[in-house]
Amino acid sequence: MDMIDAIKSLGFDHVRHASHEEFVEHWRVLERQGLEWRLQDQIDQLIKFDVWNEDLKYLGKEKNLADSDEVSKVSHASESRITREDEFYDSFYCFWLEAAARLIEEATFTLEDQKYFAYQDEQTNVDRGRLLSGAVSYDHVFVDEFQDINPLDLALVRAIMIRSRTTITIAGDDDQAIFEWRGATPEYILEPQDYFNAQFETHTLGVNYRSPNNIVMRSQFLIRNNRRRVPKRIRAHSSSMATIEVLELESLTNALEYVSNLVKTSLDEGASPSRIALLSRKRAQIIPYQIYFASKEIPFCAAEDLLIFLSAAFERLIRLLTIQEDAERRRSVSNVLNDIIFFCDNVNKYPLNKKTKFELRKQLQKSRPRTIQDGILALAEYRGELKGKNNEGEISLAMATAIQAFIDSKSVSDALFALSERFEGFQQDLGKSEDDIFYADPPFFNLAEFARQYEDDYDSFVDDIEAAKDTLGDYIAE
């Protein structure tokens, strides 16, 4: 259902983009609007669901795959070449066309459908020439936060405009275009005339009423480095100056000590301020502070998008670190197999399906592995399917090599770097981040730098993380 909604958000229309040609034309429009990564995200979802073969993941726009058994089923009479658009159309989009129509027939609504059904109604009336006039029509359309709209939002606004024959005003800030993860693109506010067949006059609201003068000046100096934006001259309404103190510290450890001492002194002495906000350019930079504060018993709370320790991905990361620490111990065959399959679920972008897991486990069991090292060797010799044909053990050997590099890590820091570099299941994925905040900005670099102080003491590192989780959990409970 989420993926069905995502296709709607991208502006695909089950009535007007029903044919292969109409589908491809809209696909090309989205590419020109800078949303190609969002299309790739939908392909990644199909890989996750085993609808799209992972061998085709990076299928080019025009790549000859006539000799591939995997795609021989995908063909068009007029084409000897296949594109990823063709594969997407055949493997999912035709199903989506039927699903979208069925949901309307059954009056099954999602949040996105409130816009999609409204768009369908407005656009159908436009197509049939049922335009509005008089009291039932709109005189003008005003859209706020326009930098955040996605293709479906755009289509709905445009249909409303056409049906009522209105003028339009859009308000927004291209410098605040931060919702591309949900299909928004700054192209719409930067070049609105291209999407409304109208000429626009731009008015810049250049007075900042929120921030002190020197904050505004410094922020504008930084923002001007963005290349794709409308130039603006912004000034502060206030003449007051904020106190800005810049400290250059030698290492992350020094920064952690400085900030924690500052906070602790304020808490111990009851000094002002009694509450301190800690901000960073990237959310991953905050994570070490949460661990450090917890280890020093300094109370803290975090914004929702910083609750990485409570995410499912982070739970898996901690389990892998625990396995690494215990890799040499002799254990039962069942426990070793569970851990090896757990590795396989995380070394690739998506977990193995049930059938593959069953076949892999059955084959590995024959070697009776009693240690993780035994299990890795058995995996390297596996020749069954693993996210693809696994020709001559190519995939299983690559997976075994990645797992071995992690197991061979000499310190907590090295282990974190190995996970970051070799385990696709923990790499940044904006699509996955909608369900698990970890994937928005995986904190490996900052965590690894922070973990240097633990050397090979995995127990202490995990204990401090558990303390941070408990602190966050207490805050949420309250």
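Reader: Where does Ser164 sit, in which helix?
Author: In this predicted model, Ser164 has its place in helix 6, which covers residues 151-164.

Reader: And is Ser164 buried or exposed?
Author: Ser164 counts as buried, because its relative accessibility is 7% and the cut-off for buried is under 20%.

Reader: Which residues does Ser164 touch, leaving out those up to four places away in sequence?
Author: With those neighbours set aside, Ser164 touches Leu132, Ser137 and Tyr138.

Reader: Switching to pockets, what volume does the second largest pocket have?
Author: The volume of the second largest pocket comes to about 1200 Å³.

Reader: How many residues line the second largest pocket, and which lie nearest its centre?
Author: Its lining is made of 24 residues, and those nearest the centre are Glu245, Val259, Ala277, Leu278 and Leu279. Two elements, helix 10 (252-269) and helix 18 (444-451), are the ones that give two or more residues to the lining of this pocket.

Reader: Which element gives the largest share of the lining of the second largest pocket?
Author: That is helix 10, from which six residues of the lining of the second largest pocket come.

Reader: What does the lining of the second largest pocket look like by class?
Author: Sorted by class, the lining of the second largest pocket holds 17 nonpolar residues, together with four polar and three charged ones.

Reader: New topic, cysteines: how many disulfides does a search of the whole structure find?
Author: The search, which takes in the whole structure, finds zero disulfides.

Reader: What is the mean pLDDT of the protein?
Author: The mean pLDDT is 86, and 91% of the residues reach 70 or more.

Reader: Where does pLDDT stay under 50?
Author: That happens over residues 60-80, and for this stretch the model has 30 contacts beyond four places in sequence.

Reader: Last, the overall picture: how many helices and strands are there in the protein?
Author: The protein has 19 helices and four strands, and its C-alpha atoms fill a box of roughly 80 × 70 × 40 Å when taken along the principal axes. Of the 478 residues in the protein, 47% are buried.

Reader: What share of the contacts between residues at least 6 apart in sequence join residues at least 24 apart?
Author: Among those contacts, the share that joins residues at least 24 apart is 70%.

Notes
Residues numbered from 1 in each chain as written. Predicted model: local features only at pLDDT ≥ 70, side-chain atom pairs only at ≥ 80, totals over all residues. Heavy atoms only, no water. 1 Å grid on protein atoms, 1.4 Å probe; cavity = no way out; pocket = protein on both sides within 12 Å on 5 of 7 lines; lining within 4 Å. Points joined across faces, edges and corners; volume = space filled by probe spheres on them. Nonpolar A, V, L, I, M, F, W, Y, C, P; charged D, E, K, R; others polar. Disulfide = S-S within 2.5 Å. pLDDT = per-residue confidence, 0-100. Contact = heavy atoms within 4.5 Å. Buried < 20%, exposed > 50% of the residue type's maximum accessible area, 1.4 Å probe, protein only.
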